Amino acid sequence: MTDNADDFGRNMVANLYRHRGTTVESASARDAYHTLAVTIRDRLIERYARTAAAHYAANPRFVYYLSAEYLLGRQFEQNLLYTDTREQARVAASALGYPLDDLAALDAEPGLGNGGLGRLAACLLDSLATADIPAVGYGIRYDFGIFTQSFRDGAQRELPDDWSHYGTPWEFAAPDDRLEVGFYGHTEAYNGSGPRRRWVPGETVLGEPSHMLVPGWGTETVNIIRLWRAVASSDSFDLGHFSAGRYGDAVENVTHVENITRVLYPDDSTELGRELRLKQQYFLVACTLRDIVRRFRLRNEDFDHFADKVVIQLNDTHPVMAIAELMRLLVDEYALDWDRAWGITRRVFAYTCHTLLPEALETWPVSLVERLLPRHMEIVYLINHHFLADVERHFPGDHDRKRRMSLIQEEPERRVRMAHLAVVGSSAVNGVAELHSDLLSAETLRDFAQLWPERFHNVTNGVSSRRFLRIANPRLSGLLTERLGGEEWLRDLDLLADLESHADDRALQERWRDIKRRNREDLALHVKDATGVVIDPDAMCDVMIKRFHEYKRQLLKVLHIVTLYHRLRDDPAADVVPRTFVFGGKAAPGYHAAKRIIALVNGVGAAVNADPVASRRLRVAFVPNYNVTRAELIIPAADLSEQISMAGKEASGTGNMKLALNGAVTVGTLDGANIEIRDRVGDENFFLFGQDAAEAARTRRGYYDPRSFYERDPELRAAVDAIASGAFSGGDRGAFSSVVDSILYHDEYLVMADYRSYVDTQDAVDGAWRDADRWTRMSIMNTARCGFFSADRTIRDYRERVWHVDPVRVGPHHPVTAPD
Ligand code: RUG
């Protein structure tokens with residue numbers, strides 16, 4: 001497709017008529033946005049058609065990535081960049097009377113994800129396409145995604161995130177490809193080619209696919225992400241009830257079905273909520289596997305080649321029922337014998353574990369699985385039977401080991417262990433940072449790593465340099481491109497290392513500082529708009545952006561802020577470096593302890609910001625509704641990156657990588673990928689504090705008395721007492737008593753034990769900040785040495801260690817003839 005401004009403009013006007021049915025004179029901003037997006041999309045669609053044709057011709061092994069969430073971020077800017085049409089789009093937008101940036105701001109961020117897991121999935125899809133790997137991402141098209149966060153009296157409020165209220169130009173629905181998914185019912189024996197069993201579902205719903213395009217950068221490849229939505233068949237609507245005026249009853253069935261894909265991670269604190277979650281997981285898996293088998297059969301017949309053409313990457317435990325579902329398809333529907341089906345299944349799947357928290361390794365009550373998915377329960381039992389026989393062969397008589405490894409937990413309630421099913425049914429298992437993978441093998445999945453050491457790998461996470469540097473931080477990327485002599489670094493992030501030898505260059509340092517300052521100015525405008533808080537763009541921008549969870553220790557950060565506040569209150573001339581503390585993050589709706597911490601951050605922020613003395617140096621801004629769009633604003637402005645989880649708890653982190661790449665210096669524990677960041681940037685460019693994983697584990701195992709730290713450390717005591725006294729809750733002493741009690745008497749995440757080390761390290765941060773040249777050098781070194789954390793490298797690791805797939809290059813003139 002030719003791409004001069006005239007062609008682009010003509011194409012856009014034609015699209016305005018065709019897609020919006022309106023004219024240039026009367027086009028609203030939304031008409032203009034939509035039309036522009038469609039015009040950009042036209043460039044991608046043509047590449048996608050060529051990609052599909054190339055894939056069809058090559059019949060390669062595909063990576064199918066299964067994930068409950070994708071945090072894609074806005075598509076508009078990215079697609080402009082990946083089609084290289086920014087200038088044409090700018091001209092065309094102004095011909096319709098709108099500045100391009102105003103239209104870009106109308107682009108809605110798809111609410112399909114939640115946190116690091118979902119954003120990682122999006123980064124990996126981007127890098128897969130960039131590496132020309134044939135791949136499809138499969139997920140759920142949630143109506144409302146996670147939730148929109150706002151604050152009322154400092155407390156989190158959750159509102160539905162109606163992200164596709166106006167429709168989205170990036171999505172193609174395919175109602176013709178709907179398929180049926182069963183639930184409940186029973187299984188029965190019957191005579192096919194010999195005695196067989198089959199499932200007779202008690203309820204069926206329709207899964208409707210849509211897809212979005214996933215272009216690669218600097219290549220012709222455009223892959224897709226295919227998303228499933230539950231839709232009710234027309235006979236679900238009860239006209240009889242409706243005619244009788246019982247409107248609620250009339251749509252009850254429709255609602256029941258469509259609730260399956262209403263929200264991401266429905267609250268699972270009730271029986272019904274848990275059932276809905278499992279339903280959702282199976283819905284994704286059932287639709288996806290049918291689609292994968294369909295795609296395989298476009299070019300292949302014999303299932304013995306299935307694993308040569310298919311690798312299915314399970315992103316955490318949410319899609320793990322896929323293992324039982326593939327066995328059901330192969331054995332029950334395609335009549336393969338069990339051993340042959342199992343051999344294929346095991347070769348096809350690979351599993352990424354993203355956690356060390358026992359509560360995040362899902363288990364489902366056997367009674368629930370039996371009721372909702374009766375045939376799958378039988379299949380899980382059979383897999384378990386064969387597996388335990390295998391364990392017995394390797395470890396004869398070791399009953400305790402069999403109990404530990406079984407797919408079924410017996411006590412206190414019989415439950416299916418999804419992580420065990422994932423390991424047993426996969427050819428590869430990986431953790432997401434070195435420490436994490438080591439701890440998985442040594443502790444969480446030790447029995448499995450002893451049985452099958454060859455299955456266990458590490459693949460350290462990575463992030464998209466295109467989104468988090470090039471798009472998010474145009475000033476810094478402009479400088480990098482200029483210094484590195486072109487944009488090749490966007491494909492090979494290791495090239496950033498060339499900056500290292502210029503880290504002391506005065507002119508570079510000046511520009512570096514200027515860019516940070518201007519990014520802080522931009523952030524200040526946004527913060528003022530979003531929170532009303534005025535921040536000083538010269539103050540150090542100290543950033544903690546991540547989900548709220550006790551193990552991540554936002555509470556430790558709060559104690560530090562209160563300590564600085566007290567120092568200034570006690571001595572207005574105290575030597576405290578001006579800082580803006582920027583927070584962003586949501587807490588799960590049912591996670592009350594995390595929600596109290598959110599309220600505390602807001603309470604402390606209100607007190608600090610209102611204090612005439614403290615607010616001259618310190619400001620606290622909690623940006624509501626943290627998402628990819630907000631991340632793209634905050635990260636480029638950050639000077640200090642808070643990565644302060646209790647060591648041994650954070651699997652990897654990816655915000656730590658994005659921040660370091662943008663020149664923020666980390667203050668952190670030896671947890672997750674912080675360790676690898678520190679190894680690369682150097683000890684002198686990283687602020688380390690606190691207990692490491694082994695020490696933390698020892699502290700937790702031994703006699704730990706958090707109160708003794710409180711009693712010994714006057715600053716800590718003052719901070720805790722202030723919280724307990726109601727100083728940050730309008731005098732209400734009860735408001736944060738649960739928070740205070742938890743750290744004084746349990747302190748599961750060693751906030752008290754690490755406080756002194758943290759505060760002293762923060763004093764050292766102040767010292768480094770005062771020496772502007774030293775700080776700038778540290779900042780440059782962080783960017784220069786973090787090329788390893790590119791998601792492109794992560795994809796290379798997956799290819800070599802897990803997937804064994806080859807790229808397929810898409811030519812500029814590939815014939816466009818293939819179905820998909
Ligand atoms: O908490 C982890 C992060 O440490 C990690 O960086 C990210 C991507 O690997 O996944 C996060 N995660 C883990 N999100 N949900 C889970 C639950 O298993």
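Where is the place of Asp-132? Look in the loop between α6 (116–130) and β2 (135–140). The model in these views is predicted, so here is a tour of its close-ups, one legend at a time.

View 1. Ala-335 sits in the loop between α12 (322–333) and α13 (338–348). Asp-132 counts as partly exposed because it has 19 C-beta neighbours inside 10 Å. Ala-335 has 12 such neighbours inside 10 Å, so it counts as exposed.

**View 2. A cis peptide bond between Glu-411 and Pro-412.** Most peptide bonds are trans. The bond joining Glu-411 and Pro-412 is cis, with an omega of about -10°. To find Pro-412, go to the loop between β14 (408–409) and β15 (415–417).

**View 3. Tyr-64 in the largest nonpolar core.** This core has 243 residues, and Tyr-64 and Ile-634 are the two that touch the most other members. Who does Tyr-64 touch? Setting aside residues up to four places away in sequence, the list is Val-136, Tyr-138, Ile-292, Val-310, Val-311 and Ile-312. As a bit of background, nonpolar side chains tend to be buried together in soluble globular proteins.

**View 4. Lys-658, a buried lysine in helix α26.** The unreviewed UniProt entry lists Lys-658 for "modified residue: N6-(pyridoxal phosphate)lysine". Its helix, α26, covers residues 655–661. Is Lys-658 buried or exposed? Lys-658 has 30 C-beta neighbours inside 10 Å, so it counts as buried. Ignoring neighbours within four places in sequence, Lys-658 is in contact with Val-463, Phe-468 and Ile-635.

**View 5. The shell around the ligand.** How many residues surround the ligand? There are 16, and the closest are Gly-116, Leu-117, His-354, Thr-355 and Ala-651. Sorted by class, the shell holds 5 nonpolar, 9 polar and 2 charged residues. Domain 2 (61–73 + 109–460) and domain 3 (496–700 + 751–778) each supply at least three residues of this shell.

**View 6. Where domain 1 touches domain 2.** The protein is divided into three parts: domain 1 (1–57 + 82–106), domain 2 (61–73 + 109–460) and domain 3 (496–700 + 751–778). Taken over C-alpha atoms, the centres of domain 1 and domain 2 are 35 Å apart. At the meeting place, 13 residues of domain 1 are in contact with 12 residues of domain 2. On the domain 1 side, helix α2 (residues 29–58) gives the most, with 12 residues. That side divides into 6 nonpolar, 3 polar and 4 charged residues.

**View 7. Leu-556 in helix α23 and Asp-102 in helix α5.** Leu-556 belongs to a helix running over residues 554–570. With 25 other C-beta atoms within 10 Å, Leu-556 is buried. Apart from neighbours within four places in sequence, Leu-556 is in contact with Ile-644, Val-751, Asp-754, Tyr-755 and Tyr-758. Asp-102 is in helix α5 (residues 100–104). Asp-102 is exposed, because it has 12 other C-beta atoms within 10 Å.

How values were computed
Residues numbered from 1 in each chain as written. Predicted model: local features only at pLDDT ≥ 70, side-chain atom pairs only at ≥ 80, totals over all residues. Core = buried A, V, L, I, M, F, W, Y, C linked by C-beta atoms within 7 Å. Buried ≥ 20, exposed ≤ 12 C-beta atoms within 10 Å, placed from the backbone. Contact = placed C-beta atoms within 7 Å. UniProt positions renumbered as here; feature names shortened; annotations may be inferred. Helix = DSSP H or I, 4+ residues; strand = E, 2+ residues; numbered from the N terminus. Near = placed C-beta within 6 Å. Nonpolar A, V, L, I, M, F, W, Y, C, P; charged D, E, K, R; others polar. Domains from an automatic or database assignment.
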